[in-house]
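Hi,

Here is the structure you asked for. My notes follow below it.

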Amino acid sequence: MADDLLDFAAEPAPVPVTPSLPPWLVLIVDDDPSVHSVTRLALRDMAHAGRKLLFLSAYSAADARQMLAVYPDIALILLDVVMEAEDSGLRLVRTVREEMGNHDVRIILRTGQPGQAPERDVVERYDINDYRAKDELTARRLWTSVYTALRAYEQIRELDDHRASLTHVLDATARLFGEHDPERLAHAAVEALAGVAGPGAGVLLVRCNRLPDGTAGEPRLLAGIGEGGLAMTPGSLSHLVPAEIGQQVAAALASGAPERGSGWFALSSTLSGEAAIVLHLSRLSPGRHPDVGTLSLFARTVAVSLENARLVAQLSQDRTHDRATGLLNRLGFIQAIEGRLGQIQAGKADTVAVGIIDLRHFRDINQELGVAAGDRLLVKTANRITAAAGPGAICGRTGADQFALLLPGAPALSAARDMVQAVVTAVSEPAILAGREVHPMSSPGLAWCNCGGRHGEELLARAEESMQASKRAYGRLQEVVIGADRAEGGRLGLTMELGTALKQGQFELYYQPIVDAATREVVAFEALVRWNHPSRGIVIPAAFIPTAEETGLIVPIGTWVMREAAVQTAEWTRRAGRPVWVSVNISAAQLSEPGFLDNVRKVIADSGVDPTLLKLEVTESTIIGDPAHAAEILTGLRDLGIRLCMDDFGTGYSNLSYLQTLPFDFLKVDRAFVSSMIDRFESRTILRTMLALAQQLALEVVAEGVETDEQADELSRLGCGFLQGYLYGRPMPALDAGRYIGVAPVGV
């Protein structure tokens with residue numbers, strides 16, 4: 001962890017302490033010594049409730065278990081997720097909560113790898129107080145997180161001390177911590193408050209956001225019980241209650257302390273650094289004085305529960321949605337296509353239509369008008385697509401400047417064309433950005449399908465294929481039709497066609513350039529199979545590889561691909577007068593095929609290729625079925641001199657353990673991180689972490705999906721060794737690819 005991860009200019013002022021009070025014990029668990037020193041420095045003057053902080057250090061999960069056994073009063077654990085193993089931190093959480101039975105200590109997870117975010121069930125089950133990437137932790141944010149955690153710990157200890165007299169609050173607390181829907185949580189909190197306030201009392205739970213200038217925003221009612229015990233509708237507080245009650249809530253917010261008067265009581269509690277909640281009781285019976293301590297503790301419980309609910313919701317949302325536009329991301333959109341395809345399979349729909357809208361010259365807008373203007377155009381485009389597509393359409397952002405829409409209903413092909421064209425027209429309307437009128441331009445794509453047995457990734461890929469064809473046709477829509485009425489014959493027919501294609505030599509290899517990040521010179525290619533169908537033309541892998549994998553035809557196809565790539569590599573190296581390596585994708589079926597290593601040896605011998613120039617790429621899904629067998633085969637390949645690459649790195653859950661046990665030479669960073677690295681802090685953080693990890697493990701890194709000079713420059717600055725993407729060339733036939741390395745076709 002670098003020293004500059006903490007912004008000390010934002011450090012809070014020292015808090016007075018009471019020397020006679022014991023300090024709060026804070027355990028720092030991290031295998032990086034610099035994290036310990038920087039954390040101590042950032043929190044050196046912090047105090048809470050008149051008590052300073054005393055820091056304890058553990059450099060592994062095992063050390064932490066011993067420390068917790070010796071010091072049972074540890075209030076807070078600042079816990080690294082990845083230490084001696086990729087999930088050491090999460091396993092320590094389970095040990096603390098389940099084996100040691102310690103449910104009081106607060107836990108803040110910290111990681112340099114946002115891709116290692118805990119699953120939502122881990123956050124829910126083990127009462128994790130907070131989760132932060134280390135890059136997010138400025139001094140102020142760290143201070144806020146620690147302060148909130150210590151307050152939560154203080155609350156829990158006070159609850160322990162007064163368990164007998166606070167049965168009602170404890171029961172309510174258990175219910176709140178078990179509820180992770182914010183709306184239901186708010187109603188549960190109000191019902192519990194009603195039991196404390198007594199019959200006939202009014203109860204309000206109010207939230208107030210803090211504005212950037214530090215002032216309080218408009219208070220909003222989350223839940224309430226009004227006259228006659230009726231539930232109140234959430235909304236702006238000023239529209240729902242008398243002005244007198246609004247003033248009482250404002251007073252509690254301003255003072256931060258309990259406020260009371262004749263028949264009413266109000267207190268506030270910090271929800272996060274940007275918000276607070278207020279509990280307000282009214283119409284209290286004469287002589288009834290709710291215990292301030294009890295209600296303060298309950299307010300903190302509600303605040304912690306609401307913050308946990310927000311954290312869980314955010315983890316779930318980020319998996320399938322794009323933060324910049326609020327639309328589905330690529331994963332979420334593919335899942336939506338799969339759902340619609342399932343309706344065809346079940347006989348509930350006849351067709352599925354996927355449209356693509358690709359913004360043209362988006363990079364120019366970013367460069368000339370600024371990234372902020374580009375972001376506004378993305379949001380405006382998302383809104384225009386959603387409005388033009390109409391009710392029932394599902395929209396997504398599937399690339400840096402690419403949008404996709406799942407058309408509503410089951411449209412006929414002609415209707416689908418019209419709908420896509422209508423969306424293109426809406427997107428092309430002028431927009432005012434940075435004070436200038438801009439005329440957005442876009443290229444459409446459309447994949448229309450009227451048969452089952454397809455895959456969501458395939459339909460999206462075919463829509464992207466259509467979009468590229470439309471670009472070549474100067475913007476005229478060139479749809480791709482997938483259907484039984486187009487002589488495709490369903491999955492059985494496709495299987496039979498694949499067998500015929502293999503026998504008749506209909507497959508060919510396309511090659512996409514890979515450049516050295518420092519020199520931008522083409523040094524390698526990735527071999528990608530294409531099916532030169534006699535009637536459909538060039539068919540991309542997404543349209544036939546899933547069927548080939550399901551039927552086992554992927555094994556002979558994969559063997560053919562490896563042999564062709566090896567022969568081509570040997571020829572290019574000989575004719576170019578310098579090494580040119582080629583990467584080939586390997587499937588799980590190939591790895592599990594008996595005699596696979598013998599086949600590879602024969603390919604090397606027959607082609608005469610230098611085995612160090614043949615790079616085989618495997619994904620986590622290739623390994624995960626039988627890791628032990630995969631390790632044996634990969635080690636055998638390495639012994640032959642072949643170099644190995646972990647493909648799509650960062651998209652799975654077990655990559656780090658595989659890097660420890662399997663003999664990889666390269667990591668290939670998934671295009672999802674590259675496409676969003678410029679406008680998303682999280683993606684840059686993940687990339688920086690991946691590259692640092694690769695450097696520590698002496699691994700080369702290839703970043704795929706590079707489409708802009710800005711992405712290439714940033715990747716090079718971060719230390720990425722090789723770049724691959726449309727910026728340097730699309731997949732192309734071998735004759736065209738040879739020109740990139742100075743090898744002209746024979747006879748030219």
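**Pro611 and two helix pairs**

Leaving aside residues up to four places away in sequence, Pro611 touches Ile604, Leu640, Gly641, Ile642 and Arg643 (contact means heavy atoms within 4.5 Å). Pro611 sits in the loop between helix H19 (596–607) and strand S24 (614–618). Helices (H or I, at least four residues) and strands (E, at least two) are DSSP runs, numbered from the N terminus. Pro611 is buried, at 19% relative accessible area (buried is under 20%, exposed over 50%, partly exposed in between, with a 1.4 Å probe and protein chains only).

This is a predicted model: local features need pLDDT of at least 70, side-chain atom pairs count only at pLDDT 80 or more, and totals for chains, interfaces and linings use all residues. Residues are numbered from 1 along each chain as its sequence is written, and side-chain values use heavy atoms, leaving out hydrogens and water.

Now the helix pairs. H10 (residues 330–345) and H14 (residues 456–472) pack at about 110°, with axes 8 Å apart. Axes are lines fitted to C-alpha atoms, for helices over the stretch in contact, and angles run from 0 to 180 degrees between N-to-C directions. H10 and H14 are therefore roughly perpendicular. Angles of 65 to 115 degrees count as roughly perpendicular, under 35 as roughly parallel, over 145 as roughly antiparallel, and the rest as oblique. Residues in the contact include Phe333 and Ile337 of H10 and Leu459 and Leu460 of H14.

H2 (residues 61–70) and H3 (residues 88–99) pack at about 25°, with axes 10 Å apart. H2 and H3 are therefore roughly parallel. Ala61, Ala64, Arg65 and Leu68 of H2 meet Ser88, Leu92, Thr95 and Val96 of H3.

Best wishes
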